[in-house]
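Colleague: Could we take a careful look at one part of this model together? I would like to follow a single feature from start to finish.
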Amino acid sequence: MLNNRLQATDYRPEISVQKNYGQLPQVDCYPGQINQVLMSVLSNALDAIDGYWLEAGTPKGPEKGAERPLISLSAQAFVDTVQITIADNGPGMPDEVKARLYDPFFTTKPVGQGTGLGLAMSYQIIAKHGGTLQCRSQLGQGAQFVISLPN
């Protein structure tokens, strides 16, 4: 559903997607809700990369270099959890933003482009499944969201 957002634009090359899925057990969950979480996190990663390249103002890419835009997806099983990681090489975020990520109606997007509900709802969905949703990010270093669900 997001494939068209991966295509090259006037200001950035095509976004590459790396996939690394291990052998996963079945997880007792509501698949539609988990899909909603994955779509929300992926959509935010795409928005971050687009904004990063657009701000650079050149098809050559962000000032930190001409590295290609990338989203990495991985899933692996542990003894009692399944972990899904979605990472991007976008701009990353400062601690002040990370502290409010799951607050309802908090958004870093321009007016009219975000409701601030995607990550708040995602957090609640994962918590209702007995899991966790964590963000690891540093400014200039991209972002990584880790979804852990009990198996």
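Which element gives the most to the lining of the second largest pocket?

Modeller: Before the answer, please keep in mind that this is a predicted model, in which local features need pLDDT of at least 70 and side-chain atom pairs count only at pLDDT 80 or more, while totals for chains, interfaces and linings use all residues. Residues are numbered from 1 along each chain as its sequence is written, and side-chain values use heavy atoms, with hydrogens and water left out. It is helix H2 that gives the most to the lining of the second largest pocket, with six residues. A pocket here is an open set of points on a 1 Å grid over the protein atoms alone, where a 1.4 Å probe fits, with protein on both sides within 12 Å along at least five of seven lines, and lining residues have an atom within 4 Å of a point. About 540 Å³ of space lies in this pocket, a volume being the space filled by probe spheres set on the points, which are joined across faces, edges and corners. The lining has 25 residues, and Tyr21, Leu38, Leu42, Leu73 and Ile86 are the closest to the centre. Besides H2 (31-56), helix H1 (3-6) and strands S1 (16-21), S2 (70-77) and S3 each supply at least two lining residues; helices (H or I, at least four residues) and strands (E, at least two) are DSSP runs, numbered from the N terminus. By class, the lining has 21 nonpolar, three polar and one charged residues, where Ala, Val, Leu, Ile, Met, Phe, Trp, Tyr, Cys and Pro count as nonpolar, Asp, Glu, Lys and Arg as charged, and the others, Gly among them, as polar. H2 also gives the most to the lining of the largest pocket, with eleven residues.
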